[in-house]
Amino acid sequence: DDIDAPAHISNYCNRGKVIIENIVQLAPVGSSPYHSYTCLGGLVGRAAAYEVTNCENHADIIMRNVNRKFGLFYIGGIVAYNTNRVDSNTSNLFGNINNCVNYGNVLVGQDGDVTVHGLGLGGIIGRSQWGGCEKLTNNGAFKVKATMYDPFATGEYTKSWEEQVNGATNTIDFVAIGGVQAFAQSNMAVGFDAYYLLNNGNMD
């Protein structure tokens, strides 16, 4: 069933550091590498049906010494993964990020090697699934150095989740980098709204 109203996160400010480091992941058994993901946000990792408003992040987000050849990473200055989906019914569009600013830098692989299968990196939002956003500003810089690893090409993983379900072929490995949003996913039933987005950060 749909929920009647969103939860709220408002007027938060992070001035610390967000660090993910020293991770090694072996191949999963019996599941697609796509299904395993990690969310790293300046304020929120995964926001499901939340209204996030009037928040700031001043913390650098640092990723180093990571060897994860299976699975995905979503990184966002405010929210790593924003979604309005809390169940199979998505008629209410709640997952909105409004009037937030990121000042923190995103530093991937700058002082320790990083190998990943998939990476979505945004100044404000790493991935937005059927949510909306308005009046977002990123002032943080991106410095990204990573090795992308395709387990299908090496033969370490032979079937993706899509192949198991319907016979489709999809390797799913990707890199998406955006000044405000990295990966925006819409839905025909509820749509996707984005207004007044500004990126002032440099990408390197």
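Visitor: In this predicted model, where in the chain is confidence lowest, and where is it highest?

Guide: Helix H2, residues 161-166, has the lowest confidence, with a mean of 47. The highest value belongs to strand E7, residues 56-57, at 96. Over residues 164-171 the pLDDT is below 50, and this stretch has 13 contacts in the model beyond near neighbours in sequence. Where pLDDT is low, predicted coordinates should not be read in detail.

Visitor: What are the confidence figures for the chain as a whole?

Guide: The mean pLDDT of the chain is 78, and 72% of its residues reach 70 or more.

Visitor: What makes up the secondary structure, and what share of the residues is buried?

Guide: The chain has two helices and 19 strands. Of its 204 residues, 46% count as buried. The chain exposes about 9600 Å², of which carbon and sulfur atoms supply 46%.

Visitor: Among contacts between residues at least 6 apart in sequence, what percentage joins residues at least 24 apart?

Guide: The figure is 83%.

Visitor: Why is Asn82 called buried?

Guide: The cut-off for a buried residue is a relative accessible area under 20%. Asn82 has 0% and therefore counts as buried. This residue lies in strand E9, residues 79-83.

Visitor: What makes the pair of Asn82 and Ser128 a polar contact?

Guide: The two side chains make this contact at 3.3 Å, and the distance limit is 3.5 Å for a pair of N or O atoms. The value is therefore within the limit. Leaving aside neighbours within four places in sequence, Asn82 is in contact with residues including Ala47, Gly95, Ile97, Ile125 and Gly132.

Visitor: Why are Asn99 and Lys135 called partly exposed?

Guide: Partly exposed is the class between the buried limit of 20% and the exposed limit of 50%. Asn99, at 41%, is in this class, and Lys135, at 48%, is in it as well. Asn99 belongs to strand E10, residues 96-102, whereas Lys135 is found in strand E14, residues 132-138.

Visitor: What is the phi value of Asn99, and what is that of Lys135?

Guide: Most residues other than glycine have a negative phi. Asn99 has a positive phi, near 55 degrees, and is not a glycine. Lys135 also has a positive phi, of about 55 degrees, although it is not a glycine.

Visitor: Which residues touch the most other members of the largest nonpolar core?

Guide: In this core of 16 residues, they are Met63, Phe73, Ile75, Val106, Val108 and Val116. Strands E3 (17-25), E8 (60-76), E11 (106-108) and E12 (114-122) each supply at least two residues of the core. E8 gives the most, with five residues. Apart from this core lies another, of 14 residues, among them Val44, Ile78, Ile124 and Cys133.

Visitor: Which residues does Phe73 touch, not counting those up to four places away in sequence?

Guide: Among them are Ile20, Thr38, Met63, Val66, Val116 and Leu119.

Visitor: What makes E8 a mostly covered strand?

Guide: Of the 17 residues of E8, 13 are buried; each of these is therefore under the cut-off of 20% relative accessible area.

Visitor: How do you know that E8 pairs with E3, E4, E11 and E12?

Guide: Pairing requires at least two bridges between two strands. E3 and E8 are joined by eight bridges and run parallel, with Ile23 opposite Val66 in E8. Strand E4, residues 37-41, pairs with E8 in the parallel sense over five bridges; the bridge partner of Gly41 in E8 is Gly76. E8 and E11 pair in the parallel sense over three bridges, and Ile61 has Val106 as its bridge partner in E11. Eight bridges join E8 to E12, also parallel, and Gly76 stands opposite Gly122 in E12. Each of these counts meets the requirement, and the strands therefore pair.

How values were computed
Residues numbered from 1 in each chain as written. Predicted model: local features only at pLDDT ≥ 70, side-chain atom pairs only at ≥ 80, totals over all residues. Heavy atoms only, no water. Helix = DSSP H or I, 4+ residues; strand = E, 2+ residues; numbered from the N terminus. Buried < 20%, exposed > 50% of the residue type's maximum accessible area, 1.4 Å probe, protein only. Contact = heavy atoms within 4.5 Å. Areas by Shrake-Rupley, 256 points an atom, 1.4 Å probe, with all protein chains shown as cover. pLDDT = per-residue confidence, 0-100. Core = buried A, V, L, I, M, F, W, Y, C linked by side-chain atoms within 4.5 Å. Polar contact = N/O pair within 3.5 Å; in protein donor to acceptor, adjacent residues only side chain to side chain.
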